[in-house]
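Hi,

Here is the structure I promised to pass on. Have a look at it first, and then read on for what turned up.

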Amino acid sequence: MTGTDTGIGKTVFSAGLADLLGANYWKPIQAGLDGETDSELAARLGGLSPDRIVPELYRLRALASPHHSAEIEGVRIDADTLDLPDTGERPLVIEGAGGLMVPVNGDTLYIDVFERWRLPVVLCASTALGTINHSLLSIEALRKREIRILGIAFIGERNAETQSAIREMGRVRWLGRLPWLSPLTPDALHSAFKASFVGDDFMP
């Protein structure tokens, strides 16, 4: 799972997807430990039992990009340690940090890690103003690295014109749209995913 930007709802989407697929959830690098972490949020909203949460490899206190948060704590993230965990036969939802060009360390971007893993990527995109540019840039970056795009999932209010433009110009499969949920509860998220997405569409 990657996003076109930070703060678009990628963790909420990952929680709903893990619930829909009966998958495990993994956030390799957690930057920001004040309050609920992404793993804790995914577990709560997705109704995921503790055995379905793969522990983070790096837990960094500062809420910043991973490389900067690590620098603050005097830690260097070794990108070579970001190996895929073995979760047996259960699917695994992996959530990156922010967008594709977020630095893991001074030499490595998240897209470099995705390229090494060779796994299909779901691109989460906001439906708000500016998303066409962000989405098409992200699609272009993934294709340049020959990373398979499983499809694009939108998050936010319905914006048919924008969604169509991205799908047609980006030549990417549309997976569905998750509306803003208020209140955001496990039951509401579960129901929204059942209504808006098909689990088989996310299986490579």
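In this predicted model, helix α5 (residues 131-144) packs against helix α6 (residues 160-170) at an angle of about 25°, and their axes are 10 Å apart. Angles under 35 degrees count as roughly parallel, so that is how α5 lies relative to α6. The crossing of α5 and α6 is right-handed. On the α5 side, the contact is made by Thr131, Ile132, Ser135, Leu136, Ile139 and Arg143; α6 brings in Thr162, Ala165, Ile166, Met169 and Gly170. Sorted by class, the residues in this contact are 6 nonpolar, 4 polar and 1 charged.

Now for the rings. There are 8 aromatic pairs in the structure. One of them joins Phe13 and Phe197, which sit edge-to-face with 5.2 Å from centre to centre and 90° between the planes. This pair links distant parts of the chain: Phe13 belongs to helix α1 (residues 10-21), while Phe197 is in the segment after α7 (186-196), 184 residues apart. Phe13 is buried, at a relative accessible area of 0%, and Phe197 is buried too, at 6%.

Another pair is Phe114 with Trp117: the ring centres are 6.0 Å apart and the planes are at 45°, so this pair counts as tilted. Both residues are in helix α4 (residues 110-117), and being 3 residues apart there, Phe114 and Trp117 are separated by about one helical turn. Phe114 and Trp117 are both buried.

One last thing to look up on screen: Phe13, Phe193, Phe197 and Phe202 are linked into a cluster by ring pairs.

Cheers

How values were computed. Residues are numbered from 1 along each chain as its sequence is written. This is a predicted model: local features need pLDDT of at least 70, side-chain atom pairs count only at pLDDT 80 or more; totals for chains, interfaces and linings use all residues. Side-chain values use heavy atoms; hydrogens and water are left out. Axes are lines fitted to C-alpha atoms, for helices over the stretch in contact, and angles run from 0 to 180 degrees between N-to-C directions. Helices (H or I, at least four residues) and strands (E, at least two) are DSSP runs, numbered from the N terminus. Angles under 35 degrees count as roughly parallel, over 145 as roughly antiparallel, 65 to 115 as roughly perpendicular and the rest as oblique. A crossing is left-handed if the near helix is turned anticlockwise from the far one by less than a right angle, and right-handed if clockwise. Contact means heavy atoms within 4.5 Å. Ala, Val, Leu, Ile, Met, Phe, Trp, Tyr, Cys and Pro count as nonpolar, Asp, Glu, Lys and Arg as charged, and the others, Gly among them, as polar. Rings of Phe, Tyr and Trp (its six-membered ring) pair if their centres lie within 6.5 Å; planes under 30 degrees apart count as stacked, over 60 as edge-to-face and the rest as tilted. Buried means under 20% relative accessible area, exposed over 50%, partly exposed in between (1.4 Å probe, protein chains only).
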